[in-house]
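Have the structure open while you read.

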Amino acid sequence: MPMCGIVGYVGAGSPSDRPQGVVMGGLERLEYRGYDSAGIAIVTPDETRLAVAKKAGKLVNLAKEIAERPLPVGTAAIGHTRWATHGSPTDANAHPHLAAGGRIAIIHNGIIENYAALRDELRGKGVEFVSETDTEVAGHLLADEVDSGKPLAEAMRAVARRLEGAFTLLAVDAREPHVVVGTRRNSPLVVGLGENENFLGSDVVAFIEHTRTALELGQDEVVEITPEAVVVTDLDGSPVERAPYEVTWDASAAQKGGFDTFMEKEIHEGPTAVADTLRGRMDANGRLQLDEGIVAPEVLATIDKIIVIACGTASYAGLVAKYAIEHWCRIPVEVEYSHEFRYRDPVVGPRTLVVAISQSGETMDTIMAMRHAQQQGAPVVAIVNVQGSTIAREADAVLYTRAGPEIAVASTKALLAQITAAYLLGIYLADLRGNKFPDEIAALLRELDAMPAKVQLVLDTSEPVRELARELADTKIVLFLGRHVGYPVALEGALKLKELAYIHAEGFAAGELKHGPIALVEEGVPIIIVLPSPRGRESLHAKVVSNIQEVRARGARTIVIAEEGDEQAAQYASHVFYVPEAPTLMMPLLTAVPMHVFAHELATVQGRDVDQPRNLAKSVTVE
């Protein structure tokens with residue numbers, strides 16, 4: 001299930017409209033995660049009931065409801081955007097859910113796997129349910145614990161001990177007007193530390209406008225925030241110390257900055273994302289270093305296999321990593337979807353290095369696959385963007401991509417940053433294991449350092465790509481072909497069109513064309529081909545040129561992405577877009593950019609919401 005948006009706030013002083021303003025603003029910044037209903041609960045001076053508003057649909061529906069029926073001032077508030085799992089997206093199923101006669105409100109991200117048995121237990125006690133959600137079960141359990149005399153935090157610990165599954169829960173009680181309580185298991189929750197006020201969020205984006213000081217909660221921990229304090233405990237009530245950290249970007253990074261969409265902005269942030277991922281990677285001795293954790297050099301020296309685990313676009317970064325690491329390090333590399341990995345009894349052990357790639361660091365499939373690998377004794381290196389995320393904390397070593405917030409659901413700059421980080425990992429291993437001489441390592445790093453400027457050049461010359469996308473706005477199918485590192489780029493191009501334009505798009509290894517996919521080719525079908533450089537891998541270039549001729553002979557509209565100076569490309573292409581010369585293994589940093597520009601423009605012309613495609617959300621936080 002994609003991640004719901006969760007916001008909590010508590011402030012000092014008399015009741016005011018700040019709790020509502022903070023929470024509604026946080027929900028607006030979390031809209032990019034995808035949702036189908038929204039709601040808010042405010043703790044008011046009335047100790048018998050909370051003020052609640054919730055509506056199915058987009059946040060604008062909730063805002064309209066509040067404008068027509070204003071909520072009272074308060075001291076604390078919680079808010080939620082829901083992506084439906086248990087129960088359809090209706091007003092009744094929207095969060096928050098109430099219990100104890102309207103005195104307690106609860107919001108929830110995740111799935112409570114034993115909710116049916118708990119619901120039957122509560123019905124046996126006479127509890128009547130007003131929604132179809134698993135969340136309401138947790139609310140009534142919390143009410144039982146509070147009614148037995150427990151304060152809200154202690155009650156939350158008792159409830160969390162009974163729940164199975166993955167969840168983040170936030171709750172307020174009208175009788176504790178300056179308290180918000182939360183807990184998490186396999187689902188993210190972050191604390192924002194302010195002055196005489198504190199915040200909770202499923203993502204730092206929820207409160208970045210108000211504070212850049214954050215604290216990440218660990219597994220099975222409960223947090224109680226008041227205006228003056230933040231108290232973290234385990235589920236038994238023992239205190240837990242958590243070190244705060246500073247978010248390295250500010251609220252402006254989570255805004256569109258003059259672009260029409262977040263996705264367009266993030267495409268144009270690609271050069272900076274690559275540069276920031278490369279920056280500051282050398283230690284005092286001139287050797288590459290990771291960001292956090294350590295896998296002992298003697299362990300890496302004995303590694304005889306690498307497995308990359310990831311989902312979606314991150315898995316394509318993993319495929320690029322496979323080509324680079326195998327070439328530079330001479331270690332076999334497998335790339336697996338995280339959700340398939342642990343269910344096939346993989347052969348993993350202490351001599352297997354597992355590389356987990358995730359933008360959010362909260363992808364549940366990847367978290368569970370990583371934990372399975374660690375249980376088998378395998379060291380794990382994580383490539384993630386979000387500092388303090390679950391994958392970053394639990395991995396044995398971390399390589400942060402430093403790409404800044406990515407708001408659009410479809411990853412663009414994150415892909416470029418992940419590929420860059422994968423290159424760095426490959427160079428790090430080659431250096432550590434002696435696969436490359438120091439001058440070869442230096443040459444690779446120089447070539448990488450030149451890539452941000454080349455990515456920028458692709459963006460600066462991308463207007464013809466947009467023009468073609470507008471011309472093809474009515475197309476119903478687009479095929480993509482690539483070989484070697486062009487193959488994952490073809491997969492990425494197809495995925496972006498599926499995500500954004502909702503049309504049939506498929507990416508194929510060009511060598512597979514005659515083994516079946518050529519049956520899809522008919523008059524006028526657009527086929528986008530990533531043409532390998534004619535330098536160095538001449539045989540591959542010739543083979544893909546042959547593929548272009550094959551589909552062109554059957555009426556396809558051939559759209560070729562080629563290296564500058566490739567004179568053959570124009571001979572066989574209906575359209576050709578050139579990217580700068582670059583080493584073959586680094587070419588995906590350039591060839592992926594036209595794919596992103598094309599998909600964004602085509603979907604925009606079609607009137608699609610490119611930042612929030614239907615049925616999708618930014619992070620998938622439940623298996």
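A search of the whole structure turns up five cavities of 30 Å³ or more. Here, a cavity is a set of points on a 1 Å grid over the protein atoms alone where a 1.4 Å probe fits but cannot get out, and its volume is the space filled by probe spheres set on those points, joined across faces, edges and corners. Keep in mind that this is a predicted model, where local features need pLDDT of at least 70, side-chain atom pairs count only at pLDDT 80 or more, and totals for chains, interfaces and linings use all residues. Residues are numbered from 1 along each chain as its sequence is written, and side-chain values use heavy atoms, leaving out hydrogens and water.

**The largest cavity**
- The largest cavity has a volume of about 160 Å³.
- Its lining (residues with an atom within 4 Å of a point) has 19 residues, and Val485, Leu531, Pro532, Ser533 and Met587 lie nearest the centre.
- Helix H17 (486–501), strand E24 (557–563) and helix H20 (588–605) each give two or more residues to that lining.
- E24 supplies the largest share, three residues.

**The whole chain**
- You'll find 20 helices and 25 strands in the chain; these are DSSP runs numbered from the N terminus, with helices (H or I) of at least four residues and strands (E) of at least two.
- Along its principal axes, the C-alpha trace spans about 75 × 55 × 45 Å.
- Of the 623 residues, 61% count as buried, meaning under 20% relative accessible area with a 1.4 Å probe, protein chains only.
- Take contacts (heavy atoms within 4.5 Å) between residues at least 6 apart in sequence: 72% join residues at least 24 apart.

Notes:
1 Å grid on protein atoms, 1.4 Å probe; cavity = no way out; pocket = protein on both sides within 12 Å on 5 of 7 lines; lining within 4 Å. Buried < 20%, exposed > 50% of the residue type's maximum accessible area, 1.4 Å probe, protein only.
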